[in-house]
Amino acid sequence: MSEHRPYTYVTLSMRPDSDPHVGVSFHTPRLQIRAGVLVSNPRPYLEFASHEANIHISTTGSGPVTDADLSIAREIFYAAARYLADCELLHAEEPAEDATDTAA
């Protein structure tokens, strides 16, 4: 059995005449996810954080909630629900892991 060690992968691509592109891939159980409403400038936020990288999501231009912001929030919700369902299905199909596994 191969060992799958946790990691976070961050890339930055900068090409001439193109916008920069940042990619973040979390492959770790050490991921923390938070959501709330900022007090100083009331707006919702969603944060994904590991020791190596953070991703913060909030409203357009840090302003009031727009119809587009609601649409994106719904996409996040449905994608997270799908991810959960897929994880549960695949986990149920896997043989039981060794109870002494400390990778998590």
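Reader: Hi! Is Asp-86 buried, exposed or partly exposed?
Author: Asp-86 is partly exposed, with a relative accessible area of 30%. Keep in mind that this is a predicted model.

Reader: Okay, and which residue does Asp-86 form a salt bridge with?
Author: With Arg-82. The closest N and O atoms of the two are 3.1 Å apart.

Reader: Why would two side chains like that pair up at all?
Author: Side chains of opposite charge can pair when their charged atoms come close.

Reader: Where do Arg-82 and Asp-86 lie?
Author: Both lie in helix H1, which covers residues 67-93. They are 4 residues apart, and that is about one turn of the helix.

Reader: And Arg-82, buried or exposed?
Author: Arg-82 counts as exposed, because its relative accessibility is 56% and the cut-off for exposed is over 50%.

Reader: New topic! How many aromatic pairs does a search of the whole structure find?
Author: The search finds 1. The partners are Phe-77 and Tyr-78, and their arrangement is edge-to-face.

Reader: What numbers go with that?
Author: The ring centres are 5.4 Å apart, and the angle between the planes is 70°. In general, a pair of aromatic rings is described by the distance of the centres and the angle of the planes.

Reader: Buried or exposed, those two?
Author: Phe-77 is exposed, and Tyr-78 is exposed as well.

Reader: Last one: where is Thr-59?
Author: Thr-59 sits in the loop between strand E5 (54-58) and H1. Thr-59 is buried, with a relative accessible area of 8%.

Reader: What does Thr-59 touch?
Author: Leaving aside residues up to four places away in sequence, Thr-59 touches Arg-43, Pro-44, Pro-64, Val-65 and Asp-69.

Reader: And what lies 2.5 Å from a polar atom of its side chain?
Author: That would be the backbone oxygen of Gly-63.

Technical notes
Residues numbered from 1 in each chain as written. Predicted model: local features only at pLDDT ≥ 70, side-chain atom pairs only at ≥ 80, totals over all residues. Heavy atoms only, no water. Salt bridge = Lys/Arg side-chain N within 4 Å of Asp/Glu carboxyl O. Helix = DSSP H or I, 4+ residues; strand = E, 2+ residues; numbered from the N terminus. Buried < 20%, exposed > 50% of the residue type's maximum accessible area, 1.4 Å probe, protein only. Phe/Tyr/Trp six-rings, centres within 6.5 Å; stacked < 30°, edge-to-face > 60°. Polar contact = N/O pair within 3.5 Å; in protein donor to acceptor, adjacent residues only side chain to side chain. Contact = heavy atoms within 4.5 Å.
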